[in-house]
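Here's a quick briefing on pockets and a few side-chain details. Have a look at the model first, then read on.

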Amino acid sequence: MRAGAGTLKATNGPDSLVAVRGLCKVFADRRPFARATSEVNVLDGVDLVVPRGTAMAIVGESGAGKSTLARCIALLEQPTRGEIWFEGQKVTMLSKRELLAIRGKVQLIFQDPASALNPSMTAEEIVTEPLVIQRIGTPAERRACVMELLGQVGLATEAAGKQPHEFSGGQRQRLAVARALALEPRLLILDEACSGLDLKTQAMILELLANLKTTRRMSSIYVSHDLRTVSELADEIVVMHRGRIVEQNTTAALFKNPRDTYTRELLAAMPAMETICERRLVGAGR
């Protein structure tokens with residue numbers, strides 16, 4: 001089911017956290033030794049609504065446009081055309097000062113935490129930084145908040161004085177989650193946050209995210225090429241192919257009755273589909 005015009009009636013509705021309308025993103029393709037600069041349409045007229053309190057997954061192969069869509073929603077990438085609404089406010093044409101307030105409500109966790117964390121900072125400084133930028137709390141209040149967050153993501157308070165290189169990959173990703181949660185965002189976006197981790201660490205991070213989904217009750221978007229991973233977390237799945245949304249449905253319904261050919265290809269390429277499908281259907285009470 002493609003996200004159509006009827007869905008977009010919720011753009012300014014009370015149940016809509018984010019609404020995207022006609023979003024297009026064009027990049028210049030500057031290949032070495034090319035005589036002319038061509039253009040690549042990474043997003044091609046994307047319509048999408050993220051309801052409040054929903055865990056949504058955006059899946060597709062590499063180059064489908066899912067990470068670019070996530071960066072646009074996180075206001076880190078300016079779309080070429082189209083509109084983005086956040087909590088009923090159009091945010092695509094805001095000034096830098098106005099964007100600063102909105103960005104605190106939308107946090108993006110990247111695939112590689114090592115490249116996203118300042119190597120010269122301690123864990124405490126990394127988690128404190130967004131609070132300082134947004135001018136939230138006194139130094140004592142910020143420190144108390146940081147210690148609490150480190151505990152919530154499974155890092156000991158003794159880790160506060162360590163630098164990123166002193167942590168394992170999974171611990172660095174936990175640190176990235178703690179920093180993202182510092183501003184109590186309305187929306188948490190995770191772009192392939194588990195793809196570079198070993199299976200054991202993946203399981204630990206997925207358990208952490210599942211707990212946060214219950215305790216924080218915020219909206220979340222999981223960007224991934226791995227249907228197995230997102231099936232454990234997402235209430236709804238959006239399938240992207242060549243810059244377009246080709247299907248959108250609840251997780252259980254999408255596994256049970258995929259409508260688009262590309263979705264069926266993704267499911268066929270995933271091992272143990274029946275086991276995951278049954279688990280989702282049981283969880284949905286069907």
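Helices (H or I, at least four residues) and strands (E, at least two) are DSSP runs, numbered from the N terminus. This is a predicted model, so to speak of local features takes pLDDT of at least 70 and side-chain atom pairs count only at pLDDT 80 or more, while totals for chains, interfaces and linings use all residues. Residues are numbered from 1 along each chain as its sequence is written, and side-chain values use heavy atoms, with hydrogens and water left out.

**Second largest pocket**
- Helix 7 (199-216), strand 8 (219-224) and helix 8 (227-231) each give at least two residues to its lining.
- That lining has 16 residues, and Ala193, Cys194, Ser195, Ser224 and Thr229 lie nearest the pocket centre.

**Largest pocket**
- Its lining takes in 21 residues, with Arg103, Gln107, Leu108, Pro130 and Arg179 nearest the centre.
- Helix 2 (96-103), strand 6 (106-109), helix 3 (113-116), helix 4 (123-133) and helix 6 (169-181) are the elements giving two or more residues to this lining.

**What counts as a pocket**
- On a 1 Å grid over the protein atoms alone, a pocket is an open set of points where a 1.4 Å probe fits, with protein on both sides within 12 Å along at least five of seven lines; lining residues have an atom within 4 Å of a point.

**Side chains**
- Lys25 sits over the face of Phe27, 5.1 Å from the ring centre (the cut-offs are NZ of Lys or CZ of Arg within 6 Å of the centre and within 35 degrees of the ring normal).
- There are zero disulfides, meaning pairs of cysteine sulfur atoms within 2.5 Å.
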